Amino acid sequence: MSAPQRAGAAGLDGERADLLQTLDKHRGFLRYTVRDLTDEQAARRTTASELCLGGLIKHVAGTEAGWMRFVVGGADAMVSDPGDWEAQFRMAEGETLAGLLAGYEQVAAATDALVAGLPDLDLAHPLPAAPWFEPGAVWSARRVLLHIIAETAQHAGHADIIRESLDGARTMG
């Protein structure tokens, strides 16, 4: 079930290695949850939620990429076209599970490389103005990584419920 150790964590020790290995463990749970699925299965809603497995992969990849832009360039770099918020949780026409997984792998590799090369995990920026952030709050690269780990773990749990509802398969147990 565990994913192979990513190149970004190889050769690192201490805090960075711990953070990247923990993140990769949860990425692995999420990827494992979609094993052996067709595109149609990955796009199917199986619960009262609007979530589908392919949409979760897409969302987690986009969220991780956005937070890594924040680490490098602050809140302005994180801004993206708001578009259809719910679309990030669905597989669009023409999207495939294999394509979404490949995109996620590219995001993960870029994150690992960025974290490995950061001069300091204390590098920090003010958060964007949003009702869900405390006004004036500042997050370090370390705090962002912890947030990405939590986000990935939370959505891996959602994925496990969706998969079990789909065909009875589970990530663990």
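Val144 is found in helix H6, and Val144 is buried there, with a relative accessible area of 0%. Keep in mind as you look around that this is a predicted model. The mean pLDDT of the chain is 91, with 91% of its residues at 70 or more.

**Around Val144**

- Setting aside neighbours within four places in sequence, the contacts of Val144 are Trp67, Met68, Phe70, Val71 and Trp139.
- Val72 lies 72 residues from Val144 in sequence, and their C-alpha atoms are 11 Å apart in space.

**Confidence**

- Strand S2 (residues 138–140) has the highest confidence, at a mean of 98, while helix H4 (residues 75–78) has the lowest, at 92.

**How H3 meets H6**

- The axes of H3 and H6 are 10 Å apart, and the two helices pack at an angle of about 175°.
- Because that angle is over 145 degrees, H3 is roughly antiparallel to H6.
- Sorted by class, the residues in the contact of H3 with H6 are 14 nonpolar, six polar and three charged.

**How H1 meets H5**

- H1 and H5 have axes that come within 10 Å and cross at roughly 175°, so H1 is roughly antiparallel to H5.
- On the H1 side, the contact is made by Arg16, Leu20, Leu23, Arg27, Leu30 and Arg31.
- On the H5 side, the residues in contact include Leu101, Tyr104, Glu105, Asp112 and Val115.
- By class, this contact of H1 with H5 has eight nonpolar, two polar and five charged residues.

**The two nonpolar cores**

- The largest nonpolar core has 22 residues, and those touching the most other members are Leu30, Val34, Leu37, Leu53, Ile57 and Tyr104.
- Four helices each supply at least two residues of this core: H1 (14–33), H3 (53–73), H5 (97–117) and H6 (141–167).
- H3 gives the largest share, five residues.
- Val34 touches Leu53, Ile57, Leu97, Leu101 and Arg163, not counting residues up to four places away in sequence.

**Two positions on H5: Leu101 and Val115**

- Leu101 and Val115 both sit in helix H5. They are 14 residues apart along the chain, and their C-alpha atoms are separated by 21 Å.
- Is Val115 buried or exposed? Val115 counts as buried, because its relative accessibility is 1%.
- Leu101 has a relative accessible area of 25%, so Leu101 is partly exposed.
- Not counting residues up to four places away in sequence, Leu101 touches Arg31, Val34 and Ile57.
- With neighbours within four places left aside, Val115 is in contact with Arg16, Leu20, Leu121 and Leu145.
- Arg31 and Val115 are 84 residues apart in sequence, and C-alpha to C-alpha they are 21 Å apart in space.

**His26, a buried histidine in H1**

- His26 has its place in helix H1. At 15% relative accessibility, His26 counts as buried, because the cut-off for buried is under 20%.
- Which residues does His26 contact, leaving aside its neighbours within four places in sequence? They are Ile149, Thr152, Ala153 and Ala156.

- Asp36 lies in the loop between H1 and helix H2 (39–43).
- Its relative accessibility is 75%, so Asp36 counts as exposed.
- Most residues other than glycine have a negative phi. Asp36, in contrast, has a positive phi, near 60°.

Methods
Residues numbered from 1 in each chain as written. Predicted model: local features only at pLDDT ≥ 70, side-chain atom pairs only at ≥ 80, totals over all residues. Heavy atoms only, no water. pLDDT = per-residue confidence, 0-100. Core = buried A, V, L, I, M, F, W, Y, C linked by side-chain atoms within 4.5 Å. Buried < 20%, exposed > 50% of the residue type's maximum accessible area, 1.4 Å probe, protein only. Contact = heavy atoms within 4.5 Å. Axes fitted to C-alpha atoms, helices over the stretch in contact; angles between N-to-C directions. Parallel < 35°, antiparallel > 145°, perpendicular 65-115°, else oblique. Nonpolar A, V, L, I, M, F, W, Y, C, P; charged D, E, K, R; others polar.
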